[in-house]
Amino acid sequence: MILASEIAERIGAELRGEDRPLERVAPLDDADAGCLSFLAAAKYRASLSDTRAGAVILAPAQAEGAPGTVLVVDNPYLGFARAAALLHPPRRAPAGVHASAVVDADARIDPTASIGALCVIEGGVEIGAEVEIGPGCIVRAGTRIGAGSRLVARVTVCEDTVIGERALLHPGAVIGRDGFGFAKDGRRWVRIPQVGRVRLGNDVEVGANSAVDRGAIGETVIEDGVKIDNLIQIGHNVSVGENTAMAACSGISGSTRIGRNCTIGGAVGMAGHLEIGDDVHFTGMAMVTRSFPEAGLYSSGVPAMANADWRRNAARFRHLDELARRVKRLEAALEPAAADGDAPEPSGDA
Amino acid sequence: MILASEIAERIGAELRGEDRPLERVAPLDDADAGCLSFLAAAKYRASLSDTRAGAVILAPAQAEGAPGTVLVVDNPYLGFARAAALLHPPRRAPAGVHASAVVDADARIDPTASIGALCVIEGGVEIGAEVEIGPGCIVRAGTRIGAGSRLVARVTVCEDTVIGERALLHPGAVIGRDGFGFAKDGRRWVRIPQVGRVRLGNDVEVGANSAVDRGAIGETVIEDGVKIDNLIQIGHNVSVGENTAMAACSGISGSTRIGRNCTIGGAVGMAGHLEIGDDVHFTGMAMVTRSFPEAGLYSSGVPAMANADWRRNAARFRHLDELARRVKRLEAALEPAAADGDAPEPSGDA
Amino acid sequence: MILASEIAERIGAELRGEDRPLERVAPLDDADAGCLSFLAAAKYRASLSDTRAGAVILAPAQAEGAPGTVLVVDNPYLGFARAAALLHPPRRAPAGVHASAVVDADARIDPTASIGALCVIEGGVEIGAEVEIGPGCIVRAGTRIGAGSRLVARVTVCEDTVIGERALLHPGAVIGRDGFGFAKDGRRWVRIPQVGRVRLGNDVEVGANSAVDRGAIGETVIEDGVKIDNLIQIGHNVSVGENTAMAACSGISGSTRIGRNCTIGGAVGMAGHLEIGDDVHFTGMAMVTRSFPEAGLYSSGVPAMANADWRRNAARFRHLDELARRVKRLEAALEPAAADGDAPEPSGDA
């Protein structure tokens, strides 16, 4: 239980109304007197008079005349994130190594770190202060994990990976698998040894069952503050710039370089060896087959429609080039002068 | 070994021909005298005279004059499913806790339940009658698992998850990861504590390496009878209605609500905060960017074609709006009266 | 450290220039005197004069006048793959069973095999010579694993799987899950027991967090030399022919048969019950809804573009069939004879 006044102070908000003890967060319409809630947008302001929340975080523009206890802050969503972290601190596992963990004598583990049940920590591993390795994690030889990082459970970190501070790796994540690189010997594939590694910066997050492959030669690099959701594939020698975020089910092919502060929607696919600039944003399911060096919002795909309509339209797509040529012929027949030159030919470069 | 007559009785079929002992199921063209097979569709009826199967399940319309031993039932596919379950009962692990499992003293485990090798069962967990937890599973604090559920192997269930009865969770599934929620502080992402949970109903199935994230606040809900295939992502606060089935590789973004009895084809992507009604069906790879409240069959995507054709057509797609405008101009030039008003402008809302 | 001359001999290259000791591979622009590098394509030839690499692998056409020590071979990329394997041999775990592994008394494990920490090996399992089972793997009852195969770490192999020689399975892979097969009982789904198995040939690779489901009846078959990347789903009763390679995030639905020597780009989706011939190649994100029996390169999808353009074009796609009909009407009005018959109607079969 924390007083509203203390929360206000710690998140830099102004308290208006009487002080109250708060114990958890809840949405406006499901809150009781012990709850802290927040007003995300002006359109929900009507809910404010009905809520039973003990206190509400909101923006200055909404605070005027608001009933009850309010915490006024410029960015209420951010204020809420911080307040929620105060009311709901992560459960910390006790420092020390669980008796069932298998830890190599040559691993260096900070005494404030926690190693959970049935973990495997191999030789040459270095684990920093207050790191928490949850149950069932495997940390292979030569890996370094920076202070305050957390491997939630059943994370696999392959050899020689470098993980920064305050990283958060979710169950099933696989960091540092040998990348998918082969040479052809006739029809057979011959594996190319993947002698590079993975380097994750500070404050990086990798979601459940996502995979980040090690470099073929050199590093796969995930810079500080990058957030990777669940079921995402990052190929060898990819680099992802600071604070870029990727939603679930996306795949980035090898050697593609993504800039800073990008957002990659869900199920986006990127070809290999591309250059994506800073502040580039892709909507969900975008098909990225060329470089996008310029900041901007990019999209592709055909949104779902009634199946009967789709069947007809998709069949026409197969003849779209021909349709365009027919339109050009019509223009030439009808208005020979105007049509001349203004009908773009396909570049052949889709 | 079970007699055909006993199977007939237990699946509600009528036995015609002589009774026989049966020991396993097989397809018509690969069966011997100990096999039970089935005739799925009229078009395969010719196989019936060639099969060496000991008995065949089929529909009344196919039974007339069928040779050998047949089990006649209205829905042969369903009858086969039930008969196969009789002939091939799941291997049951012995009740009790494997010596290598790490079980918190504060977990409550029904004596008829089975806890496999190298499992981790944390404090406050409740495990019901005849639950089977296969090897390598992790069940974190406060989770409840209902009677008859089965975690096949290496399943991770995060804190405070509620799982109904007869659930089936496959290897690598991750239930209850903290969802992907952040507020922005300048360019940096600040994690919003995910204080909700996951609730799975009865008879729910979650496939290999799929992930169901916990609610940000409140629950992510998977209702009774929902079947989720492999490599599927379910975002925080999603709800999925009874008996909806999803094929592999799909992703459902946060807060989307899917109705009952829907089928979601493979690799479908859904944006967040959508409302999908009951009896809505999406074909594979559909891109779902808006709500679909009405029952029906919906599709999107462009089926594969020869690369040379695709390059030309995809290049034309980039100019499709312009092409439509050119057609409108042609119509106006050729038939000014008729064209007026009937050429739809793009809504801007794809 | 290996002499350049020895590497040349073992990869079938001709050594020109003085012999040198080499200890690792590196790219041309990041190499020092102890490094072996390679020249992949003529366009990088300029780098050759700047590199500090101890030796460089290159093709005969590039060797003329090349400075320093070179290893000349017809296929430099293949030569490099082999040389890298000599300089960077995989770390081999020691033979024997780790004390923390849980091994059934009824498992047969070759004395040269290595079973890592916290593995579970169930009854009836057979593990061949020099197999390496890394930490945290689960090998369920009745599985057979051929000589020289390697399960890197945390792989799950379900009951009765057959794995050939020299297979390589990456962390999180799930082999032999019960496939996704159900019959309908009214609105409820009734599971059809999956009584088949998975058979992987020799030299098969399965990536991190990929899943290969067992046959419903009969086998799911992955032939010799098939390479499967990360996060890929292979449905029940699929068969994949020799030396076919699949990039990450793809999904193959049940009973589809893929030929030999195919390449499947990333995030490709295939419907079920298709026939894909030999030497068929799909580019990334292709949507495969029909059989492709003929060798060739096939594609689909709409590459990403500026969001504003995409919105307009995607909106037009919804009316593409109507647009084509309007063009046909224009053609009929303008050139009635020519238009007659040459405007294709949609087949209704997208």
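## Close-up views of a predicted model

**View 1. The largest cavity holds about 190 Å³ of space.** Here a cavity is a set of points, on a 1 Å grid over the protein atoms alone, where a 1.4 Å probe fits but cannot get out; grid points are joined across faces, edges and corners, and the volume is the space filled by probe spheres set on them. Its lining has 16 residues, and Leu118(A), Gly136(A), Leu118(B), Gly136(B) and Gly136(C) are the closest to the centre (lining residues have an atom within 4 Å of a point). By class, ten are nonpolar, three polar and three charged; Ala, Val, Leu, Ile, Met, Phe, Trp, Tyr, Cys and Pro count as nonpolar, Asp, Glu, Lys and Arg as charged, and the others, Gly among them, as polar. Four cavities of 30 Å³ or more are counted.

This is a predicted model, in which local features need pLDDT of at least 70 and side-chain atom pairs count only at pLDDT 80 or more, while totals for chains, interfaces and linings use all residues. Residues are numbered from 1 along each chain as its sequence is written, chains are lettered from A in the order in which they are written, and side-chain values use heavy atoms, without hydrogens and water.

**View 2. Helix H5 (residues 307-317) of chain A packs with helix H6 (residues 320-334) of chain C.** Their axes, lines fitted to C-alpha atoms over the stretch in contact, lie 7 Å apart at an angle of about 60°. H5(A) is therefore oblique to H6(C) (angles run from 0 to 180 degrees between N-to-C directions; under 35 is roughly parallel, over 145 roughly antiparallel, 65 to 115 roughly perpendicular and the rest oblique). Helices are DSSP runs of H or I with at least four residues, numbered from the N terminus. Arg312(A), Asn313(A), Arg316(A) and Phe317(A) meet Leu320(C), Asp321(C), Ala324(C) and Arg325(C), contact meaning heavy atoms within 4.5 Å.

**View 3. Chain A has a mean pLDDT of 94.** For pLDDT, the predictor's confidence in each residue from 0 to 100, 96% of chain A residues reach 70 or more. Residues 341-350 of chain A fall below 50.

Conventions
1 Å grid on protein atoms, 1.4 Å probe; cavity = no way out; pocket = protein on both sides within 12 Å on 5 of 7 lines; lining within 4 Å. Helix = DSSP H or I, 4+ residues; strand = E, 2+ residues; numbered from the N terminus.
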